Amino acid sequence: GHDALMYRTEGLSKAEREMVVVATSAVNDCHYCVIAHGAILRIYAKDAMVADQVAVNYRKADITERQKAMLDFAVKVCKSPGEVGEADHAALAAHGFSAEDIWDIGAISAFFGLDNELNGQQAAFAQQQLTMLSDQLANVESKLQTMSSAGRTANPTELRELATAVRGLKTQTDQVDSSLS
């Protein structure tokens with residue numbers, strides 16, 4: 001999937017492929033992909049500013065009209081795929097894009113649209129899990145504070161319960177952390 005789309009040597013340049021990812025990821029509010037693929041775009045384009053320009057407003061970016069037409073199509077595939085038609089293909093062909101290039105632009109836009117959605121869902125899940133862990137940690141801290149203010153030490157049963165709760169928090173934290181990797 002990813003490698004077949006992004007590392008092809010025919011047709012679109014590597015920088016153009018990354019432009020598609022940055023533009024569509026910006027439309028999808030996937031900050032991770034904008035940053036990660038923006039860094040790659042800067043390297044391939046040998047231009048420190050192009051990724052930021054494409055992410056903010058590719059229509060005003062310092063790129064060619066051909067590249068703007070490519071990104072118009074990519075964003076349309078991303079935002080309004082049901083509206084893509086022959087006129088869009090003809091516009092790209094007028095800029096010298098082959099049928100295979102047009103396929104690649106659409107495929108990259110669609111692939112990263114899905115990737116952006118999955119990244120967003122993963123981030124929402126992680127935030128939910130971290131909120132739950134924070135609440136559980138506050139509960140453990142409250143129990144310890146209550147014992148301390150009462151001037152007493154925990155009995156063996158309470159210590160086991162607290163140790164179990166802390167181990168559970170550690171396990172859950174590790175699971176959330178590994179889901180983000």
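Reader: Hi! Which residue forms a salt bridge with Asp104?
Author: Arg17 does, with the closest N and O atoms 3.3 Å apart; a salt bridge here is a side-chain nitrogen of Lys or Arg within 4 Å of a carboxyl oxygen of Asp or Glu. The model is predicted, so local features need pLDDT of at least 70 and side-chain atom pairs count only at pLDDT 80 or more, while totals for chains, interfaces and linings use all residues. Residues are numbered from 1 along each chain as its sequence is written, and side-chain values use heavy atoms, leaving out hydrogens and water.

Reader: How many salt bridges does the count come to?
Author: Six. One of them joins Arg42 and Asp52, at 2.7 Å from N to O. Arg42 is partly exposed at 27% relative accessible area, and Asp52 is partly exposed at 38%.

Reader: Switching topic, which residues touch the most other members of the largest nonpolar core?
Author: Met19, Val54, Met70, Leu71 and Ile105, out of 28 residues. Such a core is a set of buried Ala, Val, Leu, Ile, Met, Phe, Trp, Tyr and Cys residues joined through side-chain atoms within 4.5 Å.

Reader: What is Met19 in contact with, beyond four places in sequence?
Author: Leu41, Val50, Val54, Ile63, Gln67, Met70 and Leu71, where contact means heavy atoms within 4.5 Å.

Key: Buried < 20%, exposed > 50% of the residue type's maximum accessible area, 1.4 Å probe, protein only.
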